[in-house]
Amino acid sequence: MAFRGMQSFRTMAEEKKLFKVKIDNITVEVEPGTTILNAARLIGGDVVPPAMCYYSKLQGSGGKCRTCLVKVSKGSDADPRPMPKLVASCRTTVMDGMEVGNITSPEVLDARKGVVEFLLLNHPLDCPVCDQAGECDLQDLSYEHGVSATRYEFKRRTFDKIDIGDHIKLHMTRCILCYRCVFTADQLTNKREHGILGRGDASEISTYIQNSLDNDFIGNVIDVCPVGALTDRTARFKNRVWFLKPVDAKCECTKCSGKAVLWLRGDEIFRVTARKDKYGEVEEFICDTCRFERKDPKDWTVEGPRKVSRHSVISQGHYVGVHKPDETIAKVMDGRAPKLLMDIHDISEVNMPAVDLSKIDGPAHSNDFPKSNGVQ
Amino acid sequence: MQTLTNRAQPVDRRPMTFWEKMYLPAIAKGMGITFKHIFKKKATISYPEEKRPFSPVFRGLHVLNRDEEGRERCTACGLCAVACPAEAITMEAAERKTGEENLYREEKYAARYEINMLRCIFCGFCEEACPKEAIYMTETFAPSNFQRKGFIYGKDDLLIPDPKHPLTVTKKD
């Protein structure tokens, strides 16, 4: 579709020159001023460099994480010299006749492996606890490009967890300093109260003297966060993402478009997020009312199940498109239903009707679950 | 018809002789075989007084482990449940409160943990998937029960007793 748009654009303005770029031996014509990363996204597929900090919806983002490094083997037609070092493709604009190597360049793959190792230096290995696990960009990145072990032997940087506002939990330990949330707060909300304090190894995302963030759109920092540093307190520890069923839903909202994804267990809404595209970027930012307060299924009109890549763990157990055979026992037995020897919901203590997790504001605690036989 | 092997024997259809009609030699031969088995080693054991040893890799009933300080290791990460091919494992997580650090190892723990032993196929994937060394399969098997509901094992059935604070748990019937 992007190609078609590009072609019609060309016929309209013939005098506007398009730049021819060759990325991994695939030629694409793009407008001047396009970055290499966006040119690669026009091609799509495996040649798209991964990006942890670049976010197409946020101005000024990119250039921090270095995962999108590519090799420019030919600068342009006018100056065919290669660029001396690997460049960050999200911040480097294309030139006419440029030749770029991403997955075809062993140098790039090796450098990316190093970048992933650096990103994971201080990142805690608490994926079993982290709510982002399963939809974490860093998890995907390290799975695809990283090495299985770390060589780091020193003490990792740790911070205390803080609640910024009622609904957002900040785990600074997990942060990779991509600055996406700072750009989001700066560009989406009219009053930014959080930013980066300190420098280098000591830098951290924080607010002015633990100011709570109360703005209608501040919840979007949760969605833009590529790791589990900023998480939704209303969905904290409620369930793992791969046990929830994502559906596209819409609601009448005066503040935002109301287009969101509901993460359901049965009819309970455990979490509301914005819709993300294939690069993990939010399509339309949603407001905090939709995200944190609309946890009643009556508020939403469900549009249909969300399409999840079958390579994602979230698609596990979601048997999409399975044809259920008709139940024939009732027909054969003159309309009598088969006698169930045990209904699991009568016995199971998981998902008890008395404990409504979606109604609990914040994570569940020991007092939310009745004890059974003296054991929690 | 062409035979598949050359081991086929033609059936002897001659009428039985007088000796064969008496059946006595055949009976004696059969009794001889029976008598011989009295002196052979018995193939059975008298369970439950006697029990056979399990192989060290036997995959039996699950337990939820505790660490050296008696804290629950399970952090409700859900990897056992996602690995389970029979979808037998379910859980609900909760956040550890301050003051509960002696009970739970991580800030998140399984408030509810259930294995449906009727669904479980004892493949051991849960044990392999566990990143916290919390679930283990023991060298026992699930005891029989009169009712199906007795096979839904909760945390009270699975969790090993705390060595420091022995629980006084009354078993469900």
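Modeller: Domain bounds, as used here, come from an automatic or database domain assignment. The model is predicted, and for chain A the assignment gives domain 1 (6–114), domain 2 (122–148 + 157–232), domain 3 (241–317) and domain 4 (329–368).

Biologist: How far apart are the centres of domain 2 and domain 4 of chain A?

Modeller: Taken over C-alpha atoms, the two centres are separated by 36 Å. For scale, the C-alpha trace of chain A spans about 80 × 55 × 45 Å along its principal axes.

Biologist: What is chain A built from, and what share of its residues is buried?

Modeller: Chain A has nine helices and 14 strands. Of its 376 residues, 36% are buried. As for contacts between residues at least 6 apart in sequence, 63% of those in chain A join residues at least 24 apart.

Biologist: Let us take a strand. How do I read the two faces of β1 in chain A?

Modeller: In a regular strand the side chains alternate between the two faces of the sheet. Strand β1(A), residues 19–23, has F19(A), V21(A) and I23(A) on its covered face. K20(A) and K22(A) make up the uncovered face.

Biologist: Which strands does β1(A) pair with, and in which sense, parallel or antiparallel?

Modeller: Strands of a sheet pair through backbone hydrogen bonds, either parallel or antiparallel. With β2(A), residues 26–30, the strands run antiparallel and are joined by five bridges; here K20(A) stands opposite E29(A). With β5(A), residues 98–101, the strands run parallel and three bridges join them; there I23(A) has V100(A) as its bridge partner.

Biologist: What lies between β1(A) and β2(A)?

Modeller: The two strands form a hairpin with two residues between them. In the turn, D24(A) has a positive phi of about 50°.

Biologist: In which order do the strands of the open four-stranded sheet of chain A come?

Modeller: The order is β13-β12-β11-β14, with antiparallel pairing. The edge strands are β13(A), residues 268–273, and β14(A), residues 301–305, and each pairs on one side only. On average, neighbouring strands of this sheet are turned by 40° against each other, direction ignored. One of the pairings is that of β11(A), residues 245–250, with β14(A), over four bridges. K250(A) has T301(A) as its bridge partner in β14(A).

Biologist: Now chain B. How do I check the length of a helix such as α2(B)?

Modeller: The expected span is 1.5 Å times one less than the number of residues. The 15 residues of α2(B) should therefore span 21 Å, and the end C-alpha atoms are 22 Å apart, which agrees. α2(B) is also hardly covered, as the count of buried residues among its 15 residues is zero.

Biologist: Where in chain B is there a cis peptide bond?

Modeller: A cis peptide bond joins Y47(B) and P48(B), with omega about 5°. P48(B) is in the loop between α2 (24–38) and β1 (62–64) of chain B.

Biologist: Which residues of chain B have a positive phi although they are not glycines?

Modeller: Among them are F122(B), at about 55°, and E133(B), at about 50°. F122(B) is in the loop between β3 (108–116) and α4 (125–129) of chain B, while E133(B) is in the loop between α4 and β4 (135–137) of that chain.

Biologist: What does F151(B) touch, leaving aside its neighbours within four places in sequence?

Modeller: F151(B) is in contact with N116(B), M117(B), L118(B), A142(B) and N145(B). F151(B) is in the loop between β4 and β5 (152–153) of chain B, and is partly exposed because 19 other C-beta atoms lie within 10 Å.

Biologist: How many residues does each chain bring to the contact between the chains?

Modeller: Chain B gives 32 residues and chain A gives 27. On the side of chain B, β2 (89–95), β3 and α5 (155–158) each supply at least two residues. β2(B) gives the most, with six residues. The residues on this side of chain B divide into eleven nonpolar, six polar and 15 charged.

Definitions and conventions
Residues numbered from 1 in each chain as written. Chains lettered and ligands numbered in written order. Predicted model: local features only at pLDDT ≥ 70, side-chain atom pairs only at ≥ 80, totals over all residues. Buried ≥ 20, exposed ≤ 12 C-beta atoms within 10 Å, placed from the backbone. Contact = placed C-beta atoms within 7 Å. Nonpolar A, V, L, I, M, F, W, Y, C, P; charged D, E, K, R; others polar. Pairing = 2+ DSSP bridges. Axes fitted to C-alpha atoms, helices over the stretch in contact; angles between N-to-C directions.
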